Number of protein chains: 2
Amino acid sequence: MSPGGRWDARIDLVSQRPVPSHSGLPTVTMIGGGQLARMTHQSAIALGQCLRVLAGSPSEPAAAVCANVVLGSHNDLDDLLRAADGAVALTFDHEGVPLEHLRELESRGVAVRPPSQALQYAQDKLLMRRRLAELGLPVPDFVDLGGDADVAREALIAFGEAHDWQIVVKAVRGGYDGRGVWLIDGDADAALAVFDGAAGSAEGTAVLMAEQKVSMARELSAMVARSPHGQGAAWPVVETVQRAGQCAVVLAPAPGLDAEVAQCAQQMALRLADELGVVGNMAMELFETTDGELVVNELAMRPHNSGHWTMDGCVTSQFEQHLRAVLDYPLGDTSPSAEITVMANVLGAQEVPAMSMDERLHHLMARMPDVKVHLYGKDERPDRKVGHLNIVGRPGQTIDDVRERAERAAHWMSHGEWTDGWDLHADE
Amino acid sequence: MSPGGRWDARIDLVSQRPVPSHSGLPTVTMIGGGQLARMTHQSAIALGQCLRVLAGSPSEPAAAVCANVVLGSHNDLDDLLRAADGAVALTFDHEGVPLEHLRELESRGVAVRPPSQALQYAQDKLLMRRRLAELGLPVPDFVDLGGDADVAREALIAFGEAHDWQIVVKAVRGGYDGRGVWLIDGDADAALAVFDGAAGSAEGTAVLMAEQKVSMARELSAMVARSPHGQGAAWPVVETVQRAGQCAVVLAPAPGLDAEVAQCAQQMALRLADELGVVGNMAMELFETTDGELVVNELAMRPHNSGHWTMDGCVTSQFEQHLRAVLDYPLGDTSPSAEITVMANVLGAQEVPAMSMDERLHHLMARMPDVKVHLYGKDERPDRKVGHLNIVGRPGQTIDDVRERAERAAHWMSHGEWTDGWDLHADE
């Protein structure tokens, strides 16, 4: 490519405040004001930019820290257009933007990244399953439960019986963090109740599908990034530990993973990103079966919880990489900076502790000066992701040690209790 | 200390935009909207906060990225009070705030950190020299050139002759990045011209001092942080390479520095921070003499250019540490994450290159995917610090290799020229 003039001079900004781009560096818009946008903004700052965020309120995690906020809804085309105006690229903190809006933005020349053509597979699990199966990637057996309700109910019964009701029923759209996923575990009545409930829902539009339950040893995530130019980069494959359907812990790299299996997962993810035309990050969530095989579970096309460890454990964090990719900058080095990094989410306790978050942070820092804390500025609610923390292992430390410390630190931050029984007042 | 209630509930914010602190975490105000505040904001985000910045204009490096900006002047007491209102601590991106304003803020209960009692030594080089000499720390011979002009002129002549005019004349206040420092190098007439120029200046208030020029092997920096609680933490001692009086390169840790000398420098800095009652970061700039002795040169009480390497090369960056210190949080781990890290400043070229900064960044990323770039969003002007970059060395790499790459990358970013003659178009 020829140097000079990749984008024209300075960017016109559409925001509540004057934020001139003195450096002539580009502006990227992210739709959604959550923690992913918040952390992307940290990386944008290093690149000489300010992320522009479309947020629903000024108190959302990204809006609360970012100078360039457009208030509005991701369901409103006008709001999307306002947020996109003058930005070099438009990208996402979540999968919720209606596909027809994205197509309209594209038709008006907005650089939607990933493009709607790719993003539809992250929005629609049935479409994704079909495409993956077409491409020959390993997916569990599945069945479409849309269309005529009676036909679909028969299809569910046939599918359930064929798999001894060891199946999972899923909402085709909109599920996340365990929502929209029902583990049936042999109970035919439960499956039918889920189906009948969805069919009888107010709008009757909650389209479902069912999948064979995989005999799973553990869950893995293969994260990659891809630029419009076609460059791809893969981070080490990690193990993700889920609790109640939510990611709780990430072990990077996945302990004891066969090198060939890891490479296979990376190659599948890179190939898929290329086939789908993904731009930006893509997380491919995988099951490692008890037979040592890989099966693709979910796809996300954005920064992802399974990549938070890269903020402290890799040369290039997933947030910087996502920006590089959507800007068509060359991608950064994905090498880990240590042999082991463990990420643990801070998930809101069932009862918010009496001790303030600030005070808990104080005690955590006193006890573990090497923990890297990332808080999202959110109110605490049960099971809500309010932050995460990373511990980068040192030479000689085992994965078990680092994991125990990370989980102990995260539990302290959410519950105000030390899981090893350490007593704050023992020396008083 | 007892847990709970370190600060009362939520913070009232004084800003142009509503930024509720949903997490109940504290707000810190930084006076000055430059790059140090910009990078402190990045660390504030991770701690669940939003830095509040007092900036002169919305386009200053920190104001352009931060949601909580108070526009005003650091010379105006009312503006300072507005910026301080409701914040847990007030700290600085530069040394320019008048001491009388700081004392007034303190008398009104604002937690000024570092306190005026400490900060005065970073503002006034003569006061600093006297205090260091009192404390028995190694300083060059020096003389006060304030007071009656005729008496001071005689003092300068006597001091110059005693040192063969191997002296340095300095402005007592306000100098930085080589400004306010005159290397005399044996030329008595030059020294007297500086003196007469200052004495005859418009206000006649440019107070000068002179120091013996030290026979210097190299410059070092010992950075520490100290909390109000009295905890101190030292980063590894680094070598700073100056060009035209400005920091150009930092080698971390200082190559080949005797372990005992390094420890001595750290202990001097920790002791001094304690004696002066510093809160936050303190950089002690040192000369290593040709005899292997250490002499204290300057002090800064804030994040400092010699600590930028910690952003990518240490467990705890200087920006996070400064926040932890001014908040009286326990300090973070200062261990380096690699054996070698090199920082190089991106200093504006005499002529801004035709190729845009964006395009230069693109090419840099293509050639060096492991470089960590930190751009400040500033217009390019000759010698202006517009960014810096870090390269974290890998096992087996030498300091010379890493330094050459870092300097090559920084020169590319400022000049749009590769110092190794690499030709962009060679393959076209």
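**Exercise 1. Find the relation between chain A and chain B of this predicted model.**

A note on conventions: residues are numbered from 1 along each chain as its sequence is written, and chains are lettered from A and ligands numbered from 1 in the order in which they are written. As the model is predicted, local features need pLDDT of at least 70 and side-chain atom pairs count only at pLDDT 80 or more, while totals for chains, interfaces and linings use all residues.

**Exercise 2. Describe the side of chain B that touches chain A.**

Step 1. Count contacts, meaning residue pairs whose C-beta atoms, placed from the backbone, lie within 7 Å. Here 55 residues of chain B are in contact with 55 residues of chain A.

Step 2. Assign the elements, which are DSSP runs numbered from the N terminus: helices (H or I, at least four residues) and strands (E, at least two). Helix H1 (35-46), helix H11 (357-367) and strand S16 (372-375) of chain B each give two or more residues. The largest share, seven residues, comes from H11(B).

**Exercise 3. Work out the open sheet of four strands in chain B.**

Step 1. Pair the strands, requiring at least two DSSP bridges between them. The order is S5-S8-S6-S7, with antiparallel pairing.

Step 2. Find the edges. Strand S5 (142-144) and strand S7 (181-183) of chain B each have a single partner strand, so one side of each is left without a neighbour in the sheet.

Step 3. Inspect one pair: strand S6 (residues 167-171) and strand S8 (residues 208-212) of chain B run antiparallel and are joined by five bridges. In S8(B), Glu211(B) is the bridge partner of Val168(B).

**Exercise 4. Summarise chain A as a whole.**

Step 1. List its elements: twelve helices and 17 strands.

Step 2. Check burial, where a buried residue has 20 or more other C-beta atoms (placed from the backbone) within 10 Å of its own, an exposed one has 12 or fewer, and a partly exposed one is in between. Of the 428 residues of chain A, 54% count as buried.

Step 3. Take the overall extent: along its principal axes the C-alpha trace of chain A spans about 65 × 65 × 45 Å.

Methods. Two residues are in contact if their C-beta atoms, placed from the backbone, lie within 7 Å.
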